[in-house]
Amino acid sequence: MPDTAPTFATVRHDWTKTEIAALFDLPFMELVYRAATVHRQHFDPSEIQLSQLLSIKTGGCAENCGYCSQSAHHDTGLKASKLMPVDEVLSAAKAARDGGAQRFCMGAAWRDLKDRDVPALSQMIAEVKALGLETCATLGMITPDQAKALKEAGLDYYNHNLDTSPEYYESVVTTRTYQERLDTLEAVREVGMKTCCGGIVGMGETREDRVSFLHQLATLPAHPDSLPINNLVPVSNTPLGELSKIKGGVTPVEFVRTVAVARILCPKSMVRLSAGRNEMSEELQALCFLAGANSIFVGNQLLTTPNPERGSDAFLLQSLGLRPMAAS
Ligand code: SAM
Ligand code: DTB
Ligand code: SF4
């Protein structure tokens with residue numbers, strides 16, 4: 001890795017873990033400076049994309065993800081619901097658009113998408129898209145045929161996170177494999193749909209796991225077009241929520257390092273500062289933006305957990321001189 005001034009304009013897919021670990025080890029100011037330099041080579045650093053989430057099918061999920069409020073394996077007290085009717089999704093999408101969001105992400109607590117749900121989802125996606133919103137969905141595992149149908153309906157992005165390193169993965173979830181996650185991502189890429197793929201930090205993983213997780217993302221056949229970095233929101237009665245109460249999560253500095261390294265490795269991706277902002281100070285969020293995060297979720301709720309109030313986000317962006325990105 002060059003030790004001189006940052007010249008990371010090229011997009012690489014051959015990053016090694018040693019190089020990535022060396023980025024993490026840089027003095028903090030140098031790392032953030034390099035990430036900020038890469039950021040402004042590809043984006044206007046004063047623009048932030050505003051996305052909004054909606055849980056279109058909540059709870060009762062068959063997977064055992066150790067961080068998730070929606071897994072049927074954990075007694076989190078969350079009430080399970082059926083797939084939301086299209087008109088309710090549309091009113092939420094309109095409200096999101098009118099509140100300034102340019103992107104709308106629909107999340108369902110499913111292990112995998114069932115063909116019987118594809119027609120309703122296709123209608124939902126087409127109508128959300130017709131509102132002028134960029135569309136994203138996260139519905140669990142999907143097949144190439146399902147990916148094709150969703151793309152034809154107007155789906156711009158499919159979210160499917162690797163969540164952590166292959167090495168730590170089995171400490172997070174055991175009901176599906178890392179390879180199954182990669183297969184769904186491949187199905188999405190194959191039909192020419194954009195991928196949204198990232199993960200969570202603060203789940204008890206090591207620095208080495210964070211290096212390995214970002215190595216996976218940076219060496220995919222195509223970098224994720226959208227790369228969400230979530231800070232674990234500890235949910236009571238989930239295994240990882242309880243673990244983090246004992247162990248604590250990552251330090252704010254380590255969180256910013258993770259964002260900065262993600263930006264350097266995937267220069268053209270939208271790096272999304274996702275879950276966990278409600279617990280972050282304005283200063284920490286500002287450092288994340290400096291380190292190359294250029295998208296946030298707005299609205300009072302993520303899927304099932306709280307997000308900063310819309311007014312406080314508007315104040316934050318205004319005080320930092322950041323502008324909402326125009327719809328693409
Ligand atoms: N069921 C689908 C799946 O897992 O692919 C989609 C919904 S799932 C809730 C979307 C992502 O949200 C997860 O992959 C995870 O990265 C993130 N997430 C869920 N619960 C979280 C928590 N408590 N803290 C931080 N991120 C979380
Ligand atoms: C992503 O990586 N983070 C978002 C979006 N993709 C779907 C979801 C965050 C969920 C946080 C926990 C909750 O609200 O249930
Ligand atoms: Fe289900 Fe997704 Fe939650 Fe895992 S993260 S339990 S797949 S909703």
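Modeller: The model is predicted. The helix is α5, which spans residues 144-153. Its buried residues are Gln146, Ala147, Leu150 and Ala153. They lie on the same side of α5, because the arc they cover around the axis is only 125°. The general rule behind such a pattern is that an α-helix has 3.6 residues a turn, so residues three or four places apart point the same way. Asp145 and Glu152 are exposed, and they sit on the face of α5 turned away from its buried side. As for what the buried residues of α5 pack against, the partners are α4 (118-130), β4 (157-159) and α6 (178-190).

Next is the strand residue. Gln49 belongs to strand β1, residues 47-57. Its relative accessibility is 5%, so Gln49 counts as buried, the limit being under 20%. Leaving aside residues up to four places away in sequence, Gln49 touches Gln102, Arg103, Glu134, Met270, Arg272, Asn294, Ser295, Ile296 and Met325.

Last comes the ligand site. Ligand 3 takes up the space of the largest cavity. Around ligand 3 are Cys61, Glu63, Cys65, Tyr67, Cys68, Ser71, Ala109 and Arg176. This shell consists of 5 nonpolar, 1 polar and 2 charged residues.

Note on methods: Residues numbered from 1 in each chain as written. Chains lettered and ligands numbered in written order. Predicted model: local features only at pLDDT ≥ 70, side-chain atom pairs only at ≥ 80, totals over all residues. Heavy atoms only, no water. Near = heavy atom within 4 Å. 1 Å grid on protein atoms, 1.4 Å probe; cavity = no way out; pocket = protein on both sides within 12 Å on 5 of 7 lines; lining within 4 Å. Sits in = over half its atoms within 2 Å of the grid points. Nonpolar A, V, L, I, M, F, W, Y, C, P; charged D, E, K, R; others polar. Buried < 20%, exposed > 50% of the residue type's maximum accessible area, 1.4 Å probe, protein only. Helix = DSSP H or I, 4+ residues; strand = E, 2+ residues; numbered from the N terminus. Arc of directions from axis to C-beta. Contact = heavy atoms within 4.5 Å.
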